[in-house]
Amino acid sequence: MEAFGCYVHVPFCSVRCDYCDFATWTDREHLIDEYVDACIAHAHKLRDEDRLPDATSVFFGGGTPSLLPGPTLARLLDAIPRADGAEVTVECNPDSVDEEKLRAYAAAGVNRVSFGVQSMNAHVLLALGRTHDRDNVARAVDAARAAGIGRVNVDLIYGTPGESVADWEATLTEALALAPEHVSAYALTVEPGTPLGKAVAAGARPAPDDDDQATKYDLADDVLRASGRPWYEISNWAQPGEECRHNLVYWRQGEYAAIGCAAHGHTRGPEQSRRFWNLRTPERYVEAVRTGVSPEAGEEVLEPAEQVAEALILALRTRAGIKVTGVVADDPRVVACTDELVEIGLLVLEDDRVVLTRAGRLLANEVSARLLDALGRSAELSTDRSSPRGGTR
């Protein structure tokens, strides 16, 4: 069965983190029931139009999906047709879950949770605008295990100004002590318009340091690989067999549905592929669904050449890398570019594939831009398009 994902965006948060650029709101919780009803109606409509086949993975992202009460999330999940053994992930804030809620999630079909941990250090969490502490993280992971949810990811952020290398190493050590099957680790990025972005632009806070972040990425890769969690995508490490199947749909250019405001979807045709995104605000999304108007706000159609370029860039982000066949072998410009990148240590040949080295992972956008230039494609495709939320990672 071909993989098909369903992304559900839950835009509600109790507190907005200083660095967050996703479509989230802290003053809309009164809309939760109305919003969930709209998501359910939208799912039913997509199913009626044969645009929502049985999903092999469902991902509730946000925002803070764990603000949804157990019965509410169960109602929404019930509206989404799922294949046997489908992976169902819910992103959770450690502050907004307990064992009772997680048991309700598990009973509804949730079998994977992703905790927004970011750091185990109090002063780093404060700098990021997070409200939880390390004890809450341990309590939340224990609750997930007790609820019978067997797959746990912890989301980490490195490179916050004021975070020492020792702080980051302690975060990695304490996170691994929780025995998560999967770890995501992202460099802190400064997005314009966020509180962090405004503070950095005004000179009130320092920007993250590239060299510091590179050092911490190297440390993360060493520690996580030694723990039995090799990298399988630039920012993701997992025990063998515990890779996030839903995210692999994105990186393999698979198809996925978009439910909820600001959610992005993707369909693939014989000649073209289509990316589309929903209205950004929950009010507009609810009103569109209520009145029978499509909640889609825009689309991007990729022609075959653009599909090839994007497939190459997305594959490059993964441990599988790019096959040395087809366009990579047939286009002399790409061959020359690939050979140069191997020579300078950013790519390595492994059997019939080229894969990013660790140095190459740190310069992945530069590697992508060079390959796209060799293909004669716009460097705009080199940006990370794996996020379905209408924000950046």
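Start by selecting Glu29, which is partly exposed, with a relative accessible area of 35%. On the scale used here, buried means under 20% relative accessible area, exposed means over 50%, and partly exposed is in between (1.4 Å probe, protein chains only). Glu29 sits in the loop between strand 1 (4-10) and helix 1. Helices (H or I, at least four residues) and strands (E, at least two) are DSSP runs, numbered from the N terminus. Now show what surrounds Glu29: leaving aside neighbours within four places in sequence, it is in contact with Phe12, Cys13, Ser14 and Leu67. Contact here means heavy atoms within 4.5 Å.

A word on what you're looking at. This is a predicted model, with local features needing pLDDT of at least 70 and side-chain atom pairs counting only at pLDDT 80 or more, while totals for chains, interfaces and linings use all residues. Residues are numbered from 1 along each chain as its sequence is written, and side-chain values use heavy atoms, with hydrogens and water left out.

Most residues other than glycine have a negative phi, and most peptide bonds are trans. Select Asp50, in the loop between helix 1 (32-48) and strand 2: its phi is positive, about 60 degrees, although it is not a glycine. Asp50 is exposed, at 71% relative accessible area. Then jump to Ala262, in the loop between strand 9 (255-259) and strand 10 (264-268). Ala262 has a positive phi too, near 65 degrees. Is Ala262 buried or exposed? It counts as buried, at 4% relative accessibility.

For the peptide bond, pick Gly62 and Gly63, which are joined in cis with omega about 15 degrees. Gly63 belongs to the loop between strand 2 (55-62) and helix 2 (70-78).

Time for some helix pairs. Colour helix 3 (residues 99-108) and helix 5 (residues 134-146): their axes come within 8 Å and cross at roughly 40 degrees. Axes are lines fitted to C-alpha atoms, for helices over the stretch in contact, and angles run from 0 to 180 degrees between N-to-C directions. Helix 3 and helix 5 are therefore oblique to each other; angles under 35 degrees count as roughly parallel, over 145 as roughly antiparallel, 65 to 115 as roughly perpendicular and the rest as oblique. Show side chains, and you'll find Glu99, Leu102 and Arg103 of helix 3 meeting Ala140, Ala143, Ala144 and Ala146 of helix 5.

Now colour helix 6 (residues 165-176) and helix 8 (residues 210-226), whose axes come within 10 Å and cross at roughly 30 degrees. That makes helix 6 and helix 8 roughly parallel to each other. On the helix 6 side, the contact includes Val165, Trp168 and Leu172, and on the helix 8 side, Leu219, Ala220 and Val223 are among the residues involved.

Finally, zoom out. The chain has 15 helices and 15 strands. Buried residues make up 54% of its 393 residues, and the C-alpha atoms fill a box of roughly 55 × 50 × 45 Å, taken along the principal axes. Of the contacts between residues at least 6 apart in sequence, 71% join residues at least 24 apart.
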